[in-house]
Amino acid sequence: MIYRDYKDLKLSALGMGCMRLPVIDGDDAKVDEAATADMVQYAMDHGVNYYDTAWGYHNGTSELVMGRVLSKYPRESFYLADKFPGYDLSNMDKVEEIFEEQLKKCQTEYFDFYLFHNVCEMNIDAYLDESHGIHKYLMEQKKNGRIRHLGFSAHGNYDVMKSFLEKYGKDMEFCQIQLNYLDWTFQDAKGKMELLKEYDIPVWVMEPLRGGSLAKINEEAAKKLEALRPEDSIPAWAFRFLQSMPEVKVTLSGMSNAQQLIENIATFEEDKPLNKEEMDTLLGIADDMVKKIVLPCTACHYCVSHCPQELDIPRILELYNEHCFTGGGFIAPMVVSTLPEDKRPSACIGCRSCEAVCPQQIKISEAMADFTERLKG
């Protein structure tokens, strides 16, 4: 196992994400505890020492299962991460109640790593509102030794992360972002990495395979990669991409069966960062993947000045592209829900004034109508 230095710790470069544990009969709330215990045993035996759970994973059962499974090992033999569930605004005034319950569920007296969960457009104002007492309480728990390292995870855009860091950056010791070779430009992970570097905050990675979509790519792209590294699997390329970035300390993978765990651990037994040719090839494949699905908006903003509804068309098209590429997901609906009703895609009146000035000749009104329908689903 590769280890990364973090302060006085040595963290396994591969961490076990506990959001996609094996389940029974396809029911996400029914974690297969026996299979999970076997996977944790294999992970422990092969040097994985970082385990990441959260309040909402598996409808609340992930913490319970991981608490029982990990209690069989010496507490100093692993690092446990949990998160405050600020993705649900109704939790904002319950930080003490939830934190105490999490300690009980996980059968531990402290968390090695604790995060503000999912800083995003929907909750940034609430997270920054000190009247909820979240930051103050978590800092107190850190002072008391019940949180060893405090950080945050973010699905929000660059500006949202910047707002959070401007207020709390001095107290953040790490940040977990969605980072993979597809999202390097598609979700501006590169810009987010540069922002974190300004604050000297190391990076934890979630969605290294983008929910599994990067585990299998088209045959033409696969052949390009196999020609460069015949010994590496397609999923391994996504991990090698991350091994090429010294800022990345822990890469979390949500593995739902033993085979995935075995293969991922094998990849992380060797540190094999990409050279320039390999990196350029991989990012070229990512660009091709995006171009086949998304609208080619360049955010020139000509459309905005011609929209009678004053819609932020480039931002909406960016969200539309994300939603189409992912085949759904929570990010786009979450962000759209934060927009005023008269600034959502449904506010488009189909006048096509924007299309008359679009250099890319995008059929914007059709995209707005389609987005509106997709969001209903």
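Visitor: Which strands does helix H3 lie across?
Guide: Helix H3 (residues 95-105) lies across strand S7 (79-84), strand S8 (111-119) and strand S9 (147-154), and H3 runs at about 135° to S8. This is a predicted model, where local features need pLDDT of at least 70 and side-chain atom pairs count only at pLDDT 80 or more, while totals for chains, interfaces and linings use all residues. Residues are numbered from 1 along each chain as its sequence is written, and side-chain values use heavy atoms, with hydrogens and water left out.

Visitor: What counts as a helix or a strand, and how do angles work here?
Guide: Both are DSSP runs numbered from the N terminus, with at least four residues (H or I) for a helix and at least two (E) for a strand. Angles run from 0 to 180 degrees between N-to-C directions, using axes fitted to C-alpha atoms, for helices over the stretch in contact, and contact means heavy atoms within 4.5 Å.

Visitor: OK, and in what order do the eight strands close into a barrel?
Guide: The order is S3-S6-S7-S8-S9-S10-S11-S12, with parallel pairing, where two strands pair if DSSP finds at least two bridges between them. Neighbouring strands of this sheet are turned by 30° against each other on average, direction ignored.

Visitor: How many bridges join S10 to S11?
Guide: Four bridges join strand S10 (residues 175-178) to strand S11 (residues 203-206), and Cys-175 stands opposite Val-203 in S11.

Visitor: And Val-248, is that buried or exposed?
Guide: Val-248, which is found in strand S12 (residues 248-253), is buried, with a relative accessible area of 4%; buried means under 20%, exposed over 50% and partly exposed in between, for a 1.4 Å probe and protein chains only. Val-248 and Val-203 are 45 residues apart in sequence, yet 4.7 Å apart in space, C-alpha to C-alpha. Leaving aside neighbours within four places in sequence, Val-248 is in contact with Arg-4, Leu-179, Val-203, Val-205 and Leu-242.

Visitor: Switching topic, at what angle do H6 and H8 pack?
Guide: Helix H6 (residues 158-168) and helix H8 (residues 189-198) pack at an angle of about 15°, with their axes 10 Å apart. That makes H6 roughly parallel to H8, since angles under 35 degrees count as roughly parallel, over 145 as roughly antiparallel, 65 to 115 as roughly perpendicular and the rest as oblique.

Visitor: Which residues of H6 make that contact?
Guide: Tyr-158, Met-161, Lys-162 and Leu-165 of H6 make the contact, with Gly-191, Lys-192, Leu-195, Leu-196 and Glu-198 on the H8 side.
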